[in-house]
Amino acid sequence: KNGPWNLKKSSRNGKKTEMQFRQAQKMEAMGTLAGGIAHDFNNILSSILGFTELAQMQVPEDHEIQSDLAEILHAGNRAKDLVQQILTFSRKTNLELKPVQVKLVVQEALRLLRASIPTTIDIRKKVENQSLVMGDPTQIHQVLMNLCTNAAHAMQETGGELYVDLSDAEIDHAFADEHPGLKPGPHLKLTVSDTGCGIPPHIVHQIFDPFFTTKTKGEGTGMGLSVVHGIVTGHGGAVTVYSEPNKGTIFNLFFPVIKRIEPIREIDDKPIPKGTERVLFVDDESTIVKLGQQVLESLGYTVFACSDSMEALEHIRRDPQAFDLLVTDMTMPHMTGDVLARRAMQIRPDLPVILCTGFSSRIDENKAIEMGIRAFVSKPILRAALARTIRKVLDNQADEC
């Protein structure tokens, strides 16, 4: 039982377990960093996006400044997506999962890619598979764009062939044991391969590390494959890679298949709703306070805004019926948003509360709802999203009365 073969196998398994543990440690460390910067960065983005939207409203639609403002919004949204990518690969954000036909996501991504990669790269595809997965279509789209962009980069000098394939795969126990988080059963396999320069054998084990890149400065951040790894594992899947120098690289992504088709909600494209209720808006950032007041007033609400949670609680204590809604930030000095919400609801149980956060490891949407908070929203919050959330909360409050 303890012959040379079993000793070698045990040694290999030990090294593999150690590598998996080190990878988990790296991701946890990056997750801590990501959570630390997300709150402050999302506050900054809230100001950039929010005041830009307000400026757009004040400038005539045909004014030349509108195009400049649109560019600011576009850049701000790219930054917003970047923060979400960082939180995603570090598993610090919840995925919005719903039934997804990956075939449709892949087809859309490939249409975009064809216009952006050199014509010397031939795109071949076999994506007629109809299987459904429980996933976030935006993030699956991001995975494919990252992998295909990397593949195109590997073939930019010589040209070549990019191949994308969707197929069914049955995961057995042996394969699942090699990939933590993966479970045996039916899966959808998404394959992205190229005929490019390949990955040197001595760095293959590093490619999913955050900020690791072989690209020159300005060509990449090293975030792409970390994001891919985080998204796929967050979907309960796994990623494998095989590469040979000067021959190409093959990525196989496995997503659990769902058996039952659930209805997919239609996107609400109604006009931005407004109101006349009285709103108490609380945030410790003075810039966000100013922004929140202007946005809410532009929606028709009567707003009292303050940057001190203790002061806000005192206003509620002094006149519990003075406000129809409390909108508060989560991370604030002296008293956090969840504590403010709890104490406010002790004074006036029927006061609806919306909790906003750039990032918090202390509370999530489920915890917020459990304690009676009516809505939990993530920063940066755009005007339309805030307007719909407020209207939904206030209208539900009216229905309950």
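Trainee: To start, is H334 buried or exposed?

Mentor: H334 counts as exposed, because its relative accessibility is 71%. Buried means under 20% relative accessible area, exposed means over 50%, and partly exposed is in between, with a 1.4 Å probe and protein chains only. Before going on, note that this is a predicted model, in which local features need pLDDT of at least 70, side-chain atom pairs count only at pLDDT 80 or more, and totals for chains, interfaces and linings use all residues. Residues are numbered from 1 along each chain as its sequence is written, and side-chain values use heavy atoms, with hydrogens and water left out.

Trainee: Where is H334 found?

Mentor: H334 is in the loop between β10 (325-329) and α9 (337-347). The helices (H or I, at least four residues) and strands (E, at least two) are DSSP runs numbered from the N terminus. The phi of H334 is positive, near 70 degrees, and H334 is not a glycine. Most residues other than glycine have a negative phi.

Trainee: What about N246, what is its phi?

Mentor: N246 also has a positive phi, about 70 degrees, without being a glycine. N246 sits in the loop between β6 (238-244) and β7. N246 counts as exposed because its relative accessibility is 68%.

Trainee: Which peptide bond is cis?

Mentor: The one from K379 to P380 is cis, with omega near -5 degrees. P380 lies in the loop between β12 (375-378) and α11 (383-400). Most peptide bonds are trans.

Trainee: Which residues is S46 in contact with, beyond its neighbours in sequence?

Mentor: Leaving aside neighbours within four places in sequence, S46 is in contact (heavy atoms within 4.5 Å) with F51, I288, L291, K379, P380 and I381. That list includes K379 and P380, the two residues of the cis bond.

Trainee: Where does S46 lie, and is S46 buried or exposed?

Mentor: S46 is in helix α1 (residues 4-58). S46 counts as buried, at 7% relative accessibility. A polar atom of the S46 side chain lies 2.8 Å from the backbone oxygen of N42. That is a polar contact, meaning a pair of N or O atoms within 3.5 Å; within protein, one must be able to donate a hydrogen and the other to accept it, and residues adjacent in sequence count only if both atoms are side-chain atoms.

Trainee: Changing topic, which residues touch the most other members of the largest nonpolar core?

Mentor: V106, L162 and L253 do, in a core of 40 residues. A nonpolar core is a set of buried Ala, Val, Leu, Ile, Met, Phe, Trp, Tyr and Cys residues joined through side-chain atoms within 4.5 Å. At least two residues of this core come from each of α3 (102-116), β2 (121-126), α4 (137-154), β4 (160-171), β5 (185-194), α6 (224-234) and β7 (248-256). Helix α4 gives the most, with eight residues. Apart from this core lies another, of 23 residues, among them L313, L326, M332 and V353.

Trainee: And what is L162 in contact with?

Mentor: Setting aside neighbours within four places in sequence, its contacts include I117, I121, C148, A151 and V192. D122 and R124 are also in contact with L162.

Trainee: How many salt bridges are there?

Mentor: The count is 12, where a salt bridge is a side-chain nitrogen of Lys or Arg within 4 Å of a carboxyl oxygen of Asp or Glu. One of them joins R124 and E161, 2.7 Å from N to O. R124 is in strand β2 and E161 in strand β4, 37 residues apart. R124 and E161 are linked with D122 in a network of salt bridges.

Trainee: What does R391 pair with?

Mentor: R391 forms a salt bridge with E277, the closest N and O atoms being 2.8 Å apart. R391 lies in helix α11 and E277 in the loop between β7 and β8 (278-282), so the pair ties together parts 114 residues apart in sequence. R391 is buried, with a relative accessible area of 12%.

Trainee: Last one: how many disulfides are there?

Mentor: Zero, from a search of the whole structure for pairs of cysteine sulfur atoms within 2.5 Å. As for cysteines, C306 is buried at 4%, and C197 is partly exposed at 43% relative accessibility.
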